[in-house]
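Hi,

Here is the structure I said I would pass on.

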Amino acid sequence: MPTSPSTSAQAAREVVALRLRDLRKNAGLTVVDLAGRCGWHHSKTSRIENSVTAPSANDIRAWATACGVAELAQDLITQSLNAESMYSEWRHQVRRGMKQLQDSVVQFFHDTRLFRIYSSTMVPGLLQTEGYAAALLSNIADFRGIPFNDGADAATARVERSRILHEPGRRFVMLMEEAVLYYQLGNADAMAAQIGHLLTAGALPQVSLGIIPMATRERSQWPVETFHVYDDKLVSIEFLSAEVNITQPSEIVLYLKAFEQLRGMAVYGAAARALLTKALSALD
C-alpha cells in the first residue's frame, strides 16, 4: 500500500507523545495525577499521550514542570513544533494567495548554499519563465479554489526569486524527467520560451541541469514525487494535497540516495541540449 504523505509527520508526533509519557511514568505519576498538577481533565493527558491532540508550548511546560524536569521543556517544545511543521496542507499555505507563498521562502533560499531538485511533473520553479509559471500557478489557484487568482503576480514573484541563480556562492543541481518537456502548460509560445530558457540556464556554471530520457532502459530509480533537498538539512516533498518537510537525518539520507541514483540516469551537456531541441521542434 502507498505511504500517506503525513506518515512522517505522524511518526514525529508520536515520538513527542512517547517522551511525554515516559516523563510522567519516570516521575511516578498516573494520568490523573499529572492532569491534577497541570489543571486539566485527565482525558487531555490521554489524548496527548496517544497523539490524538498535539500539545501546545504551554502544555509541554506545565507537563515538564509537573514531572520535576522543567529544564527539558524547551527541547520538547522545539521537537513538537518541528513535528507539526512537517505536514502542511496547501489550502492553509495559499489562503492569502499564491504570491505570498512565493515570497515566504525568499530568505530561506538566500540562506541555502546547495539546492538539489528532482521534478517528475514540471520544470523546477527556479528555472521557470514567467509565462510558464503564470499558466501553472493560475491553474493551481483554480484547482484549489483560492478566492482570488493571483497566478500572474505569483509568477512575477517566482521569476524574481529565481535571480538567486546568478548570485555567487551557491550550487544548483536540478534533474527532471524528459516527459516534463512535453507536458504543455500555457500556449505553444510559452512552452517554446520555457524550453529556450532551459537551454540558456543549463549553461550557467553554477547550474547542473540533468534530463532523464524517456528511453532510459533498466532504470535504477522509477519516477517519484517531486522533491527538493536544501543543503543536507531539509527535504521538501510536493504532493497534490500537501507539502511534507523532512528534517530527520535518516529520511534525508534516503532522499539523497534516490537523488544520486536519478542523477546517474540523467544526461547532461550536449545530450541534454539535444533532448531540449527535440522537444522544442515538437511544438511546431
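Below is what turned up in the core and among the salt bridges.

Before you start: this is a predicted model, where local features need pLDDT of at least 70 and side-chain atom pairs count only at pLDDT 80 or more, while totals for chains, interfaces and linings use all residues. Residues are numbered from 1 along each chain as its sequence is written, and side-chain values use heavy atoms, with hydrogens and water left out.

The largest nonpolar core has 35 residues. (That means buried Ala, Val, Leu, Ile, Met, Phe, Trp, Tyr and Cys residues joined through side-chain atoms within 4.5 Å; buried is under 20% relative accessible area, exposed over 50%, partly exposed in between, with a 1.4 Å probe and protein chains only.) Leu 126 and Phe 172 are among the residues with the most contacts inside this core. Helix α9 (130-143) gives the most to it, with 5 residues. (Helices, H or I of at least four residues, and strands, E of at least two, are DSSP runs numbered from the N terminus.)

The whole structure has 8 salt bridges, meaning a side-chain nitrogen of Lys or Arg within 4 Å of a carboxyl oxygen of Asp or Glu. In one of them, Arg 24 pairs with Glu 49 at 2.5 Å between the closest N and O atoms. This pair links helix α1 to helix α3, 25 residues apart, and both partners are buried. Arg 263 and Glu 260 form another, at 2.9 Å, and both lie in helix α12, about one turn apart. Arg 263 has 33% relative accessibility, so it counts as partly exposed.

Cheers
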